[in-house]
Amino acid sequence: MSATETKKATAATSENINEFFHEAMRCYEQALKSGIQLQEESVNLWKDLLSKLGSCEEFQAKLESMTKEAFPKARERMEEFVETFNRTSKQTIDLFNKTMGVYQATSVPEAQRRVHDLIESSLTALRTNVHSALDMNAKIIADWKELVDRFAPAKK
């Protein structure tokens with residue numbers, strides 16, 4: 001590489017680094033502006049929320065009452081989730097065993113029967129899991145709605 005080529009490559013590299021640095025600074029500036037805007041909006045939301053809560057005593061009473069109500073319901077939902085998780089884990093293992101069983105079939109009719117059983121079991125598991133998820137989500141939403149209705153300030 002000649003000296004001229006080296007100078008050109010160095011100048012191009014320097015220009016690329018300079019351009020990269022300026023782009024990084026623009027991104028940093030934009031991130032900083034977004035962070036400041038987020039903080040301003042957070043302060044405004046907290047200010048609005050705190051103005052609607054009333055006195056410290058009212059807020060403390062609401063918070064204590066809400067935690068007494070919310071924690072048992074949250075625990076109940078978590079127990080339901082664990083039960084559902086355990087059940088779906090067992091279903092998955094069963095389906096895996098049935099899948100492996102298809103490969104162990106000794107005849108075509110037996111393989112067809114096993115595939116049919118696998119498909120039916122898969123669809124049954126899917127239907128059960130979808131219903132469980134919908135039911136659990138509906139309960140969670142109902143619990144939160146009840147808490148909000150009970151403890152949120154009335155809309156004017």
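Modeller: Asp-143 counts as buried, at 11% relative accessibility; here buried means under 20% relative accessible area, exposed over 50%, and partly exposed in between, with a 1.4 Å probe and protein chains only. Arg-77 is likewise buried, at 12%. The model is a predicted one, in which local features need pLDDT of at least 70 and side-chain atom pairs count only at pLDDT 80 or more, while totals for chains, interfaces and linings use all residues. Residues are numbered from 1 along each chain as its sequence is written, and side-chain values use heavy atoms, with hydrogens and water left out.

Asp-143 and Arg-77 form a salt bridge (a side-chain nitrogen of Lys or Arg within 4 Å of a carboxyl oxygen of Asp or Glu), with the closest N and O atoms 2.8 Å apart. Because Asp-143 lies in helix 3 and Arg-77 in helix 2, the pair ties together parts that are 66 residues apart in sequence. Through shared partners, salt bridges join Asp-143 and Arg-77 with Lys-73, Glu-76, Glu-80, Asp-135, Lys-139 and Glu-146 into one network. In general, side chains of opposite charge can pair when their charged atoms come close.

Glu-146 is partly exposed at 31% relative accessibility, and Lys-73 is partly exposed at 22%.

A further salt bridge joins Arg-75 to Glu-79, the closest N and O atoms being 3.3 Å apart. Both residues lie in helix 2, four residues apart, which is about one turn of the helix. Arg-75 is exposed, with a relative accessible area of 57%, whereas Glu-79 is partly exposed at 41%.

The protein chain has three helices and zero strands; helices (H or I, at least four residues) and strands (E, at least two) are DSSP runs, numbered from the N terminus. Buried residues make up 12% of the 156 residues in the protein chain. Among contacts (heavy atoms within 4.5 Å) between residues at least 6 apart in sequence, 68% join residues at least 24 apart.
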